[in-house]
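This report walks through selected parts of one protein chain. Please keep the sequence and the structure in view while reading.

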Amino acid sequence: MSEQSEQNGGRSGQNGGEQKAAGGAPVTVLQIGEGNFLRGFFDWMIQSCRDQGLFQGSIAVTQPRPSGKPKIDALAAQDGLYTLVTRGLENGQAVERKEMISVFAEAFDPYTNWTRLMELAVSPELRFVVSNTTEAGIAYRPEALTGEPIVSFPGKLAYLLYQRYLKYEGAADKGLILLPCELLDRNGDALRDVVLKYAADWGFPETFRQWVLEHNRFLNSLVDRIVTGYPGDEQAEAWFAEWGYRDPMLTTAEPYHLWAIEAEPELEELLPLRKAGLNVFWTTDLKPFAQRKVRILNGAHTWMAPLGLLHGVEHVRELLEHETLGRAVRETVREDVLPTLPYDGSELADYAAAVFERFGNPFIRHRLADIAMNSLSKFRTRLLPTLAFYAERGEAVPERLALGLAGLLRYYRVRRAEDGSFVGTTLAGGGTYAVRDDQALLELVAGIWAEAAQGAASTAQTEAAVRKLLAQTAIWGADLSGWPSLAERTAKIIAAWDNKALDNQEEA
């Protein structure tokens, strides 16, 4: 934070006033995770609650692994204050909002200040533990108790809870509410199970295990917001010149946000997120939220990535503006995907509209090549259930879904390059791309396509390869080759692409 704005730990706000960190409020939240996501998601939500007088606590933030110390130190150096810029599309209009986030009472390194972490562990004011340690963070790795700081996040949490159990002699009202934000299915259950595994390893008593299970809440949740982090240097420097201060902890996020938490609505009294006007849901069942995200948002991504790359398109927004593919992906979701989901049609349509508005965010350049990574497994979980909805009823898969499958299979028509990677060629034949996926699956698919290439180039030969590919249970988890007309129609699309490319080459 520059001298232009730092006065006794304060930062000049949007209205020229001075904004202080949350040091005066009791620490009610321990946050494990110093990264962009929580700072642009949970911390922003708590700021919204505090701004409206709905939440009186503050947050102590630590990093989950030693490598996070530089960012923690940077936060501590500016008293936990940082700037969040929310920018994107809302109702078709570009928006840009700057906010000062001042929810951190302290930021410290638990590996060099273990004592402080243990003080927080037994603090009577502590109510919540929020985390985002990446999916790999909630994992069991054997670790011994040596008196030194515990390395793993769930190991630290197990020890923290044990100290709290001892301090309050297993009091029922001293348990904590744990809100993991890691992108794992049933993340709360996963965290609880690993914590209990460490407790067993370290010989903690059975009464502690029962206290964890009965008086602590490990809540499953689903989070959704794109937090884009620090902007490019040019944009950052322009903002710093406009604001009159520099902020190395500046982060940016899209307007859209959603948090679905599997818990009773009464918890809103402790964490009044909906009252603050936030898109948060307390629910008894996360499945509808997870399923619509996977089938609509993720499904659209997986449909568009191979097709876009084959057509020489590089980014999501560029594909939406493509003359044919942009319309096709919208129609695929609206007319082919939404009818397969057992939820309110108007709510699904609203969600789909929000998804495409997010895809069109002019401030995010989302590369299709990144989305296309591991597309075989992504197609299996994101799009195949939609295709199966029709096939299992004896119906032909809709044409646009067959187009998406054709795009996937043609994208995976690859050969091994000299460096060992697998590469394919665009439909125009003038470009190449690298395909990143499971090595064994890539070899399987490449072998089938290579075998087909040895025969005469024809629709029949393509269909034979496609049918063989669809029969691979290692890819799909089932044999799809017998689904009504799917192999023939998919092969026909690919053959048409090939014939058009051949015609273009002859004309050239």
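Which residues does Thr 386 touch, not counting residues up to four places away in sequence? The model is a predicted one, and in this model Thr 386 touches Arg 295, Asp 336, Val 337, Thr 340 and Leu 401.

Thr 386 is part of helix α15, which covers residues 384-391. The relative accessible area of Thr 386 is 0%. Buried means under 20% relative accessible area, so Thr 386 counts as buried.

## Packing of α9 and α11

Two packed helices are described by the angle between their axes and the distance between the axes. For helix α9 (residues 287-310) and helix α11 (residues 325-337), the axes cross at roughly 145° and come within 10 Å. The crossing is right-handed.

## Packing of α9 and α16

Helix α9 also packs against α16, at an angle of about 60° and with the axes 8 Å apart. This angle makes α9 oblique to α16. The crossing of α9 past α16 is left-handed.

From α9, the contact uses Trp 303, Pro 306, Leu 307, Leu 309 and Leu 310. From α16, it uses Arg 400, Leu 403, Gly 404, Gly 407, Leu 408, Arg 410 and Tyr 411. The residues divide into eight nonpolar, two polar and two charged.

## Packing of α14 and α16

How are α14 and α16 oriented to each other? Helix α14 (residues 375-382) packs with helix α16 (residues 399-411) at an angle of about 160°, and their axes are 11 Å apart. Angles over 145 degrees count as roughly antiparallel, and the two helices are therefore roughly antiparallel to each other. α14 passes α16 in a left-handed crossing.

Ser 375, Leu 376 and Phe 379 of α14 meet Gly 404, Leu 405 and Leu 408 of α16. This contact has four nonpolar residues, two polar and no charged ones.

## Two non-glycine residues with positive phi

Asn 374 lies in the loop between α13 (368-371) and α14. Asn 374 is not a glycine, yet its phi is positive, about 60°. Its relative accessibility is 29%, and Asn 374 counts as partly exposed.

Arg 186 is found in the loop between β9 (177-180) and α6 (187-201). Arg 186 likewise is not a glycine and has a positive phi, of about 50°. With 36% relative accessibility, Arg 186 counts as partly exposed.

## Cys 181

Is Cys 181 buried or exposed? Cys 181 is placed in the loop between β9 and α6, and at 1% relative accessibility it counts as buried.

Leaving aside neighbours within four places in sequence, Cys 181 is in contact with Phe 37, Leu 38, Val 130, Ser 131, Asn 132, Asn 187, Val 223 and Trp 259. Phe 37 and Cys 181 are 144 residues apart along the chain, and their C-alpha atoms are separated by 9.3 Å.

Helix α2 spans residues 42-51, and eight of its 10 residues are buried, so the helix is largely enclosed by the rest of the structure. The buried residues are Phe 42, Asp 43, Trp 44, Met 45, Ile 46, Gln 47, Ser 48 and Cys 49. After α2 comes Gly 53, with a positive phi near 70°.

An unreviewed UniProt entry places the feature "domain: Mannitol dehydrogenase N-terminal" at residues 29-265. Over residues 29-265 the chain is 35% helix and 24% strand, with the end C-alpha atoms 19 Å apart.

Definitions and conventions: Residues are numbered from 1 along each chain as its sequence is written. This is a predicted model: local features need pLDDT of at least 70, side-chain atom pairs count only at pLDDT 80 or more; totals for chains, interfaces and linings use all residues. Side-chain values use heavy atoms; hydrogens and water are left out. Buried means under 20% relative accessible area, exposed over 50%, partly exposed in between (1.4 Å probe, protein chains only). Helices (H or I, at least four residues) and strands (E, at least two) are DSSP runs, numbered from the N terminus. UniProt positions are given in the numbering used here, feature names are shortened, and annotations may be inferred rather than shown by experiment. Contact means heavy atoms within 4.5 Å. Axes are lines fitted to C-alpha atoms, for helices over the stretch in contact, and angles run from 0 to 180 degrees between N-to-C directions. Angles under 35 degrees count as roughly parallel, over 145 as roughly antiparallel, 65 to 115 as roughly perpendicular and the rest as oblique. A crossing is left-handed if the near helix is turned anticlockwise from the far one by less than a right angle, and right-handed if clockwise. Ala, Val, Leu, Ile, Met, Phe, Trp, Tyr, Cys and Pro count as nonpolar, Asp, Glu, Lys and Arg as charged, and the others, Gly among them, as polar.
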